[in-house]
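Hi,

Here is the structure I promised to pass on to you. Have a look at it first, and then read my notes below.

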Amino acid sequence: MVNKLEDLVEEFARNVTAQTDAIFRGDSKTGNKHADRYIAAFKKLRAHGDAGRNALATLFTHPNMDVRTTAAAFLLRYRTAEAKAILEEAAKGEGLVAFESEETLKRWEEGTWALDPE
C-alpha cells in the first residue's frame, strides 16, 4: 500500500505543477485536465483515510510553493495548524499563489471550505 500512496502523492504533485504551467501559458483547458487529475488523486488518497491524508501531508515541504499550498488547502480540516501556517505564509507573497492562499483562508474562516468534509 505504501507504494500506491506514494504514487498517488507524486501524481497529485505532478498535476498541480502541470496545471500551474498550463495556466501561465494561458491554456485553461489543459489546466483543468490537470486539476481533475490531482483532485482524483486526492479522492483516492482520502479513500485510505488518515494514512492517505498523512501521505499527502509529506508535500508540506515540497520545493514548489503551488504544490505545498494546494496540499495544505486540501488538508485544512485534518492538519489545521500546519496547513494554515503554510497558507498564511504564502498569502504574504505576491501573485496567484498568494491570492489563492488568501482566498482559501477566507473560505476556511467563513466556514464554507469543503475540500475534505468529515
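Let's start with charge: the protein chain has 17 positive and 20 negative charges, and their mean positions are 5 Å apart. Here Lys and Arg count as positive and Asp and Glu as negative, while His and the chain ends are left out. Each charge is placed at NZ of Lys, CZ of Arg, CG of Asp or CD of Glu.

Before you go on, a word on what you're looking at: it is a predicted model, where local features need pLDDT of at least 70 and side-chain atom pairs count only at pLDDT 80 or more, though totals for chains, interfaces and linings use all residues. Residues are numbered from 1 along each chain as its sequence is written, and side-chain values use heavy atoms, without hydrogens or water.

Now the overall picture. The protein chain has six helices and zero strands, so reading along the sequence gives α-α-α-α-α-α (helices are DSSP runs of H or I with at least four residues, strands are runs of E with at least two, numbered from the N terminus). The chain is as compact as a globular protein of its length, because its radius of gyration is 13 Å, close to the 13 Å that the globule rule gives for 118 residues. That radius is taken over C-alpha atoms, and the rule is 2.2 Å times the number of residues to the power 0.38. Along the principal axes, the C-alpha atoms fill a box of roughly 40 × 30 × 25 Å.

Of the 118 residues, 41% are buried (under 20% relative accessible area; exposed is over 50%, partly exposed is in between, with a 1.4 Å probe and protein chains only). Contacts mean heavy atoms within 4.5 Å. Among those between residues at least 6 apart in sequence, 55% join residues at least 24 apart.

Next, zoom in on helix α4, residues 65-74. Nine of its 10 residues are buried, so α4 is largely enclosed by the rest of the structure. The buried ones include V67, T69, T70, A71 and F74. At the start of α4, a side-chain oxygen of N64 comes within 2.7 Å of the backbone nitrogen of D66.

Which residues does F12 touch, not counting those up to four places away in sequence? Among them are T70, A71 and F74, along with Y38 and F42. F12 itself lies in helix α1 (residues 2-24) and is buried, at a relative accessible area of 0%. F12 and V67 are 55 residues apart in sequence, yet their C-alpha atoms are 8.2 Å apart in space.

S101 is buried, with 1% relative accessibility. At 44% relative accessibility, A85 is partly exposed.

Last one: is G31 buried or exposed? It's buried, at 2% relative accessibility. You'll find G31 in helix α2 (residues 28-46), in contact with Q19 and A22 once neighbours within four places are set aside. G31 and T112 are 81 residues apart in sequence and 24 Å apart in space, C-alpha to C-alpha.

Cheers

Methods. A polar contact is a pair of N or O atoms within 3.5 Å; within protein, one must be able to donate a hydrogen and the other to accept it, and residues adjacent in sequence count only if both atoms are side-chain atoms.
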